[in-house]
Amino acid sequence: MDTETVILVIGANGQLGSVLTKSLQQKFGLERVIASDLRSIDDFHGIFEVIDATNRNKIEEVVIRYKVTQIYHLAAILSAKGEENPLQTWDINMKTFFNVLEVSRLNQVDKVFFPSSIAVFGEEAPLNDTPNNAYLNPSTVYGISKAAGENWAQYYFLKYGLDVRSIRYPGVIGYQSLPGGGTTDYAVDIYHKAVLEEEFSCFLNEDATLPMIFMDDAVRATLELMDAPKESVKLRTSYNIAGISFSPAEVVAEIRKLYPDFKVIYEPDFRQNIAESWPKSMDDSAARNDWGWKPQFDLESITETMIQKLKEKYKKGSKNREVLMF
Ligand code: AKB
C-alpha cells in the first residue's frame, strides 16, 4: 500500500458513499480518509468535512490541507430526481465533476474515481448483454451528464495525464443505506417493506428487468479498479460491470420464499419509461479481462442477506427507516 495515500470522498452520506467510506477507512485507516458531504453526520466515526462540491475553492482548500492524493466523487442527482429540474441537474452534476477534475489537475492528485451508470445507454443500445462500446443516447439528464462525464474523464487522462477511473454501476442493492432519487431504488425499498411485513407499491412493471449489483460487489469492484495497475485500465471512459439482472416479479418470487404472504401492487409511473430505455443486462467482459472483475452475489444470496440484515436492524432500531442509515 502507498503509505502516503490520503482519500477525499465527496458524497460520503449517499447510498454508495457511506458504505464505500467505511471500506476505505478499513483499508487505509481512519486518519487517511476524509469524508465529505453537504451536511455532517452526528457521531460520524472519522474525519468529516462539510463540502458543497459546487464550491471549487472549498474542495481545493480541503485537498491542500490534508494533502489529498485520491478523490472519489460520488455526489450526483440521480435519474428520477434529475428529471424534476433537468437544467439544475445538469448544472450540479457537471459543475461538481469539473471542480474535482480541475482541483485534481492543479494539485497533483494521483487518482480520481468517477461513478458512471447504466443510464448512459438509451434506445439505440442492444437491450441484452449491452457491450461496453454500444451507442450512447441516454434518455435522462442524469444519463446525459454521466455520458458527458465519461468523455471528460478520458479527456483529462489524455490531455493532462490525470488518472481518472470509472465504472458504470447497475442499480446498487444494500442493507446499510438507502438510495434516493433513482429508478432502481425499488429494489432496496422492496426488502424493507417485506421485513416490515407491509404491502409494497412498485413504481415499475412486474417484468421491468434491469441490471443490479449487491453493495458488497459494487464496493469491491470500485476498490479493485482503483487498485489496478495503471496500464491495466485500458478504458478511460468507463467500464460496464454486471452483477445480476432481475425483474420486480423475480425479486418478489424470491422474497415470497421467506415471506409467502408478501403483497405487491404494481403502479408504474414515469420511472417505467426510464427503465425501458436502459439495458436489461450488461456485457462486462472488458472489466473482467482488464482488471479481473467477477461478481459474487446472485439474487438468492442477495435476498437472504438483505432480509437477515434488515431483520437485525429493525429489531435493534426503531421502525423509522431513516435511522437505519448508519
Ligand atoms: C438510478 O437508478 O438512477 C441509479 C443508477 C442506475 O445509476 N441507481
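Hi everyone, let me begin with the shell around the ligand: at least three of its residues come from each of domain 1 (7–170 + 215–240) and domain 2 (173–210 + 243–280 + 297–324), with bounds from an automatic or database domain assignment. Please keep in mind that this is a predicted model, where local features need pLDDT of at least 70, side-chain atom pairs count only at pLDDT 80 or more, and totals for chains, interfaces and linings use all residues. Residues are numbered from 1 along each chain as its sequence is written, and side-chain values use heavy atoms, leaving out hydrogens and water.

Which residues are around the ligand? They are Leu78, Ser79, Ser117, Ile118, Tyr142, Gly182, Thr183, Thr184 and Trp278, where being near takes a heavy atom within 4 Å.

Now for the polar contacts, meaning pairs of N or O atoms within 3.5 Å. Serine 79 places a polar side-chain atom 2.5 Å from a ligand oxygen. Threonine 183 uses a polar backbone atom, 2.7 Å from an oxygen of the ligand. As for threonine 184, an N or O atom in its side chain is 2.9 Å from a ligand nitrogen. On its own the ligand has 260 Å² of accessible area, and the protein covers 93% of that (Shrake-Rupley method, 1.4 Å probe).

Back to the two domains: the centres of domain 1 and domain 2, taken over C-alpha atoms, are 25 Å apart.

Methods
Polar contact = N/O pair within 3.5 Å; in protein donor to acceptor, adjacent residues only side chain to side chain.
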